[in-house]
Amino acid sequence: MSDPHRAAETNRPAASDRPAGAPASPAPAATPRRIAVLGAGSWGTVFAKIAADAAARSEREGGAGWSVTLWGRDPKVIEHLRATGVNDRYFPTVRLPANLGYEADARRALEGADVVVLAIPAQALREQLTALADAVPADAVLVSLAKGLERGTGLRMSEVIAQAIPGAAGRTAVVSGPNLAREIIQEQPTASVVAAASAEVAGKVSRICATDYFRPYTSADVVGVEIGGLVKNVIALCVGMCEGRDLGDNSKASIMTRGLAETSRLALALGGRHETMAGLAGMGDLVATCSSPLSRNHTAGRLLGTGLSEAEVSARMTQTAEGIKSAPVVLELAREHGVEMPIVEGVVAVLSGAVSVDQLQPMLLRRKLKAETPHVS
């Protein structure tokens, strides 16, 4: 018998297909009471807005709302947000919802929260969670927004959460998809995937981010969703390098397509599902990240393509390009599982200074010829 939770991304009807009066949530779930979003960067700010807008919509439709608190480490930034509702660093022209609260003390933000959203960079997640583990409510659902592998361990973010927060493995969800923050803050329509081992957890998280402009689907494939979300950052670096060298759409489309093949091989080797790679967290996220100038990893790759070093790129960018930090870890993980990832290998070679961007092209094109799909005899 098929698992309806696994098939939710492709088989669940869209909001417009639901009968009048049907619940807005993609899956039955308890109504949350209080949501804490940890991390007031671009994606954390956007997700906090989504959750606040979803609460307002729930109330308009006669349901129960919930409170949303955004935590940031800089008290001055939080005070400015309280006074103006504007995150000047990332979205200076956008006023955030009036029902969104702000807190500079992480422990106060976590008090009574039954959903804790983690918008913390991948390499800082363990340290932050370990310091706050005793303040996270014992039954809170944990939501990972970060897309990366931890350096030194090669762990996905859901695995880091499970180690840092005792008992969190069964109540953790990940959110991924084509989620360019600047477009979403402008309420341009997008869809995304909420993956969790439990349908109840996935449904609860979906409920808090279902708005008129943000459409969540659910999935049980946590591995596939996480791998799709993190490897596409590395592929986007390579596509950006192509653009930095003034290469055309054929080159970029080839890298994206073969990059999806590499991502799929790794995901399947780790237990992910092939259909996830064809969905929002696979192909959808890859296309958005590789194509848009709003993508941090695409931008970083383009700067590398113009001849800047990794250090120079990091100094010039105001936001973290996770692909730069994740690429060597992805390659190491692939080698551990016997997975061939030549594009990732090439990106790592450029980042380490072993080859130049100009040497990357022959490195990829002179590989042994093989079939894209095997011939059937």
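Chat about a predicted protein chain

Biologist: Which share of contacts in the protein chain, between residues at least 6 apart in sequence, join residues at least 24 apart?
Modeller: That share is 74%, where contact means heavy atoms within 4.5 Å. This is a predicted model, so local features need pLDDT of at least 70 and side-chain atom pairs count only at pLDDT 80 or more, while totals for chains, interfaces and linings use all residues. Residues are numbered from 1 along each chain as its sequence is written, and side-chain values use heavy atoms, with hydrogens and water left out.

Biologist: How many helices and strands are there?
Modeller: The protein chain has 17 helices and eight strands; these are DSSP runs, numbered from the N terminus, with at least four residues of H or I for a helix and at least two of E for a strand.

Biologist: What about burial in the protein chain?
Modeller: Of its 377 residues, 56% count as buried (under 20% relative accessible area, with exposed over 50% and partly exposed in between, using a 1.4 Å probe and protein chains only).

Biologist: Switching to rings, how many aromatic pairs are there?
Modeller: The count is two, for Phe, Tyr and Trp rings (the six-membered one in Trp) with centres within 6.5 Å; planes under 30 degrees apart are stacked, over 60 edge-to-face, the rest tilted. Trp43 and Phe47 are edge-to-face, at 6.0 Å centre to centre and 85° between the planes.

Biologist: Are Trp43 and Phe47 buried or exposed?
Modeller: Both are buried. They sit four residues apart in helix H2 (residues 42-60), so about one helical turn separates them.

Biologist: And how are Tyr90 and Phe91 arranged?
Modeller: Their ring centres are 6.4 Å apart with planes at 45°, so the pair is tilted. Tyr90 counts as buried at 14% relative accessibility, and Phe91 is buried at 4%.
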